[in-house]
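The exercises below are intended to be worked through with the sequence and the three-dimensional model at hand.

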Amino acid sequence: MAKYVCDACGYVYDPAVGDPDNGIAPGTSFAALPEDWTCPECGASKDMFSPQ
Ligand SMILES: [Zn+2]
């Protein structure tokens, strides 16, 4: 699964890791994230992310 990078702060979403602090289990693809998920570093919305 593809990693996605936050255009605002450079945070990388790695599907293998997920975002456990925000209830996202490891193995969750970027496309499967809730539409209201935001960057855990800066709060940017999903549409601010680009494939790495
Ligand atoms: Zn960010």
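The model is predicted, so local features need pLDDT of at least 70 and side-chain atom pairs count only at pLDDT 80 or more, while totals for chains, interfaces and linings use all residues. Residues are numbered from 1 along each chain as its sequence is written, and side-chain values use heavy atoms, with hydrogens and water left out.

**Exercise 1. The zinc site**

Task: Identify the residues that coordinate the zinc ion, and assign the geometry of the site.

Solution. 
Step 1. Apply the donor criterion: donors are N, O and S atoms within 2.8 Å of the metal (3.2 Å for Na, K and Ca), and sites may look incomplete since water is not among the atoms.
Step 2. List the donors. The SG atoms of C6, C9, C39 and C42 coordinate the zinc ion at 2.3 to 2.4 Å. Along the chain, these donors follow the spacing C-x2-C-x29-C-x2-C.
Step 3. Assign the geometry. Four donors count as tetrahedral if all angles lie between 85 and 135 degrees. The angles among the four donor atoms of the zinc ion are 106 to 115 degrees, and the site is tetrahedral. For four tetrahedral donors, the ideal angle at a metal is 109.5 degrees.

**Exercise 2. Placing the ligands in the chain**

Task: Determine which parts of the chain the pair C6 and C42 ties together, and classify C6, C42 and C9 by accessibility.

Solution. 
Step 1. Locate the pair, taking strands as DSSP runs (E, at least two residues) numbered from the N terminus. C6 belongs to strand β1 (residues 4–6) and C42 to the loop between β2 (12–13) and β3 (49–51), so the pair ties together parts that are 36 residues apart in sequence.
Step 2. Classify accessibility, where buried means under 20% relative accessible area, exposed over 50%, and partly exposed in between (1.4 Å probe, protein chains only). C6 is buried at 2%, whereas C42 is partly exposed at 41%.
Step 3. Beyond its neighbours within four places in sequence, C9 is in contact (heavy atoms within 4.5 Å) with C39, E41 and C42.

**Exercise 3. The sheet**

Task: State the strand order of the sheet and describe the surroundings of V5.

Solution. 
Step 1. Recall that two strands pair if DSSP finds at least two bridges between them. The open sheet has three strands in the order β2-β1-β3, with antiparallel pairing.
Step 2. Examine the edges. β2 and β3 each have a single partner strand, so one side of each is left without a neighbour in the sheet.
Step 3. Follow one pairing. Three bridges join β1 and β3 in the antiparallel sense. V5 is in strand β1, and the bridge partner of V5 in β3 is S50.
Step 4. Extend to contacts. Not counting residues up to four places away in sequence, V5 touches G10, Y11, V12, M48, F49 and S50.

**Exercise 4. The nonpolar core**

Task: List the members of the largest nonpolar core and the contacts of W37.

Solution. 
Step 1. Apply the rule: a nonpolar core is a set of buried Ala, Val, Leu, Ile, Met, Phe, Trp, Tyr and Cys residues joined through side-chain atoms within 4.5 Å.
Step 2. Read off the members. The largest such core has 10 residues, namely C6, Y11, Y13, I24, F30, L33, W37, C39, A44 and F49.
Step 3. Consider W37. Leaving aside neighbours within four places in sequence, W37 is in contact with residues including Y11, Y13, I24, F30 and F49, as well as D19, S45 and K46.

**Exercise 5. The salt bridges**

Solution. 
Step 1. Take K3 and D14, whose side chains meet at 3.9 Å, N to O. K3 is in the segment before β1 and D14 in the loop between β2 and β3, 11 residues apart. K3 is partly exposed at 37%.
Step 2. Take E35 and K46, whose side chains meet at 3.7 Å, N to O. E35 and K46 both lie in the loop between β2 and β3, so the pair ties together parts that are 11 residues apart in sequence.
Step 3. Compare accessibility within this pair: E35 is exposed at 66%, whereas K46 is buried at 11%.

Technical notes: Tetrahedral: all angles 85-135°; square planar, octahedral: opposite > 155°, others 65-115°. Helix = DSSP H or I, 4+ residues; strand = E, 2+ residues; numbered from the N terminus. Salt bridge = Lys/Arg side-chain N within 4 Å of Asp/Glu carboxyl O.
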